[in-house]
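Have the fold open beside the text as you read.

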Amino acid sequence: MERKVAIIGAGISGLLACKYTLSKGFTPVVFESRSSIGGVWRKTLETTKLQTPKPFYQFSDFPWPSSVKEEFPNQFQLFDYLQSYARHFDLLRHIKFNSKVVSIEYEGASHEEMQAWEMWGGNGEAFSSKGKWNLTVTDTQILSTEVYQVDFVILCIGRFTDVPNIPEFPPGKGPEAFHGKVIHSMEYSAMDFASAAEFIEGKRTAVVGFQKHALDISMECSAANGEQNPCRLLYKTEHWNVPDYQPWGVPLAYLYFSRFSELLVHKPGEGFFLSLLATILSPVRWGFSKWVESHIKKKLSLEKFGMVPKHSFLKEISACLISTVPEGFYDRVEKGSIILKKAPKFSFCEQGIVVDGEITPIETDLVILATGFKGEKKLKDIFVSPAFQDCILGSPTASVPFYRECINPRIPQLAVIGFSESISNLYTSEMRCRWLAELLDSTFKLPSIKEMEKDAARWDKYMKQSSGEYYRRSCIGALHIWYNDQLCKDMGWNPKRKKGFFAELFEPYVPSDYCPS
C-alpha cells in the first residue's frame, strides 16, 4: 500500500524533503501557499545577499554553476539556483502552488492513549495503520477548500516569514501614538523595488534592529536619503557582525567548522574523555574567539563607534546570531547617513520615538521594525488539537523539544524541518531530510520517547551553556559536525567523511562531504 506523504512549504527545506522522499520511492505532495518556490528567497530586499559563504550554502549533489563567481551570491542568483535545483530533480510537478494549509488534524489514537505510549507513534516507526493526518487546504486563487488525508506530514513552514514580531508597548505609547508611519520589515520586503525606493525617499527614517535585515534596510535608506535625512538605526545590543570570513587571513571555517574546533567545546552526550579534552583545550577556544574579535574590531573600527560587544564571538556563533555587515556600512556611519542609537527600550510619541531615560524624542516620519518573526506561533497555530499546540513547543524556558531537531516525541507521524537554526540552514536541512527519508524507509527505528526527550534535554543544556544570555530555543550553534555525526550513525553511515587523519581533523566540513554515493 502506497504511503501518502505531505510536505507543507516549498522553500529550501520543502524542496529537499521532496527530493529525498522521492528517492525512497514515495510520491509526496508539496503544498505551497504562494505561486512559486523559494520561501524567504522568493522575495526579499533588492540589496540582500547570502551571508553564508557559497561553499557552505549549496546542495551536496548540485553545486553552484560556474557562472556564479561571488562568494556571497545575491538574491537573484540564489533564487535561480533553487529553481535550477527544482527543475533538475523534477520536483515542480509534485508541488501544488497557491495552496495554503490552514490546519492539520490527527485522526487516530486518543490523547490519553498517546500519553501511555512508550515508543513514538506507539511502535517507534514513521507510519501506523491506525493514524492519519487530515489537512485542510485553501486554494488562494479561487478560495475553495479541500481536505487531504495523508500518512505522514513534514512541516517546512520556516520561522522567518508570515507572522511578524511586533514589540509590545505600554498603553498609549505604541505606534498608535505616532503621527507618522510604522511598518514591519516584512511589509517593506514585499514591495517591488521601485515602490520600496519611492516609499523611503525623502523621509526621516528609523530602523529598529541590528541583525541582517535591519542592516540591509538601513543601507537602502541611507542610499536614498544620504546625510540630509540620515537613517537612524536603533539597537538593543552590540553584536559581532562579521565583515568577512577571513579573520587575519585565516578562513573562519578552520576555526569553527572542523573536527578539531569542535574538540574545544563541550558537547551534548560527550563522554569523560571528550569533556576532559574540551576543558584542557579551553585556552585555545578562548584564543580562537579573541583572534576573530580582534579582526572585526580592527577592520570595522568598532571602538571608534562604541560598538564593541561585551560577549565573546564564540557566544555569538553558538547562538546562531552571526551575520555579515554590508560593505561600506561603517563608512556611512562615519559620514553621517546612518546614525547608530542604542535603545534597549523605547516607545512612541506624536513626533517619533522616545528612548527610555531620555526626554527629547527622535523626530521621524517612518519607522521600520526589523524585529524578526514569531515562527513559534506559526508552528503552533497550524495544529487543530490543543494538546498538540501545547506540546509542539514544550516549555517556554527550554529549547523546542525535537529529537535530532526534527521529531517531537509526543506527536506521531510528523516531522519539522527548517525550524531549528544553524550557521548554514541549507546544509543542515539537507542532512535532516536525508535522515528523515531513511526513517520513512524503515532503515532505523527511533529510541523510546523517554530517551528522545533526554537527548533533547542534553542539547538544551548545551545551548544554554554555550550561548548564555543570547540563548535561543532552536539552534545547534557551532556543532555541525557533532550533530551530523549523530544523524550518520542513525542511518548506518560512516560519520568520518574525509580522506586521511589530518584532513579529517583539521579540514572544514562542507555539504559536498556528504554527497550521496
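A polar contact here is a pair of N or O atoms within 3.5 Å; within protein, one must be able to donate a hydrogen and the other to accept it, and residues adjacent in sequence count only if both atoms are side-chain atoms. With that in hand, look at asparagine 74, which caps the N-terminal end of helix 2: one of its side-chain oxygens lies 3.0 Å from the backbone nitrogen of phenylalanine 76. Helices (H or I, at least four residues) and strands (E, at least two) are DSSP runs, numbered from the N terminus.

The model is predicted: local features need pLDDT of at least 70, side-chain atom pairs count only at pLDDT 80 or more, and totals for chains, interfaces and linings use all residues. Residues are numbered from 1 along each chain as its sequence is written, and side-chain values use heavy atoms, with hydrogens and water left out.

Just after helix 2, aspartate 90 takes a positive phi of about 55°.

Now the sheet: five strands form an open, parallel sheet in the order 8-15-9-10-11. Strands 8 and 11 stand at the edges, each with a single partner strand, so one side of each lacks a neighbour in the sheet. Strands pair if DSSP finds at least two bridges between them; strands 8 and 15 have four.

| Element | Residues |
|---|---|
| Strand 8 | 181–184 |
| Strand 11 | 338–342 |
| Strand 15 | 366–369 |
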